[in-house]
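Dear colleague,

Please find the structure below, handed over for your study. My findings follow directly after it.

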Amino acid sequence: MASVLIVSDQSLQRLGLRMLLTAEPDLTVVGEAARGAEAVRLSVSLRPDVVLMAIPPLDAEGIEAIRRITRSVRLLPDSAGADQVPPRVLVLASTGREGHAQAALRAGAGGVLPHDAGPDQLTAAVRIVATGDAVITPGLTRALIDAVCEQRTPYPLDQHTGSDAFTGRERDVLLAVASGWSNAEIAARLCIAPATVKSHVSHILAKIRARSRVQAVTYAYESGLVQPAA
């Protein structure tokens with residue numbers, strides 16, 4: 001069961017998203033927020049698996065909320081004393097707002113969908129992001145890669161971390177992540193356990209000081225580990 005916090009400044013949109021998500025047997029809505037600051041507060045108190053942000057257009061407050069959610073609630077102890085990963089953020093971005101979508105990814109969002117995504121696409125994206133995988137539309141992927149090639153420094157990653165900082169298996173996993181493979185696909189193709197894949201991904205993100213798989217993909221292109229297709 002994946003828990004979701006809905007963030008939207010439109011009450012009717014929040015109602016519609018709640019109805020859509022609660023109709024799914026494996027998804028539950030644990031709260032709603034109208035603004036970014038409220039979303040940060042509820043993320044700390046409710047600790048949802050996914051924060052679904054649908055504030056069109058995604059403004060500076062929303063970007064800052066993503067940054068705080070993916071940073072400030074990291075490693076909160078749960079009732080058993082184990083570490084808890086921060087909520088993953090899935091953004092519904094307005095069409096033609098590629099700049100806002102890229103800013104959301106820089107801030108640590110784990111996925112971006114167009115605001116007019118269909119019900120099945122949205123619920124599938126929530127499930128994917130909840131597992132730690134990334135969701136991003138093909139058009140935005142192309143724009144993101146182009147930004148890497150043109151600007152070379154689209155993300156505030158650790159520029160001193162070179163490819164030699166990874167073990168051989170971590171390098172294999174990073175290349176697979178950059179190719180768009182899910183954890184399950186990586187495990188099957190590399191003949192390792194899914195839990196081992198998650199561990200490798202966590203180590204990779206820590207080494208490059210990234211907060212999401214999308215940022216890891218960007219690092220792979222920016223560092224030259226992967227070359228964009230012509």
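R47 sits in the loop between α2 (36-46) and β3 (50-53); helices (H or I, at least four residues) and strands (E, at least two) are DSSP runs, numbered from the N terminus. Although R47 is not a glycine, its phi is positive, at about 50°. This residue is partly exposed, with a relative accessible area of 26%; buried means under 20% relative accessible area, exposed over 50%, and partly exposed in between (1.4 Å probe, protein chains only).

Please note that this is a predicted model, in which local features need pLDDT of at least 70 and side-chain atom pairs count only at pLDDT 80 or more, while totals for chains, interfaces and linings use all residues. Residues are numbered from 1 along each chain as its sequence is written, and side-chain values use heavy atoms, with hydrogens and water left out.

C191 also has a positive phi, of about 60°, without being a glycine. It belongs to the loop between α8 (183-190) and α9. C191 is exposed, its relative accessible area being 71%.

Helix α2 contains A37, which is partly exposed with a relative accessible area of 48%. From A37 to E64 there are 27 residues in sequence and 8.6 Å in space, C-alpha to C-alpha.

Turning to the strands, β1 (residues 2-7) and β2 (residues 27-33) run parallel and are joined by six bridges; two strands pair if DSSP finds at least two bridges between them. V7 has A33 in β2 as its bridge partner. Between β1 and β2 the chain passes through helix α1 (residues 11-22), and this β-α-β crossover is right-handed. That term applies if, with the strands pointing away from the viewer, the path from the first strand over the helix to the second runs clockwise.

Finally, there are two cavities of 30 Å³ or more. A cavity is a set of points on a 1 Å grid over the protein atoms alone where a 1.4 Å probe fits but cannot get out, and lining residues have an atom within 4 Å of a point. Grid points are joined across faces, edges and corners, and a volume is the space filled by probe spheres set on the points. The second largest cavity has a volume of about 30 Å³. Its lining consists of L174, V177, V201, I204, L205, R213 and A216. Two or more of these residues come from each of α7 (168-178), α9 (194-208) and α10 (213-222), and α9 gives the most, with three.

Yours sincerely

Technical notes:
On a 1 Å grid over the protein atoms alone, a cavity is a set of points where a 1.4 Å probe fits but cannot get out, and a pocket is an open set with protein on both sides within 12 Å along at least five of seven lines; lining residues have an atom within 4 Å of a point.
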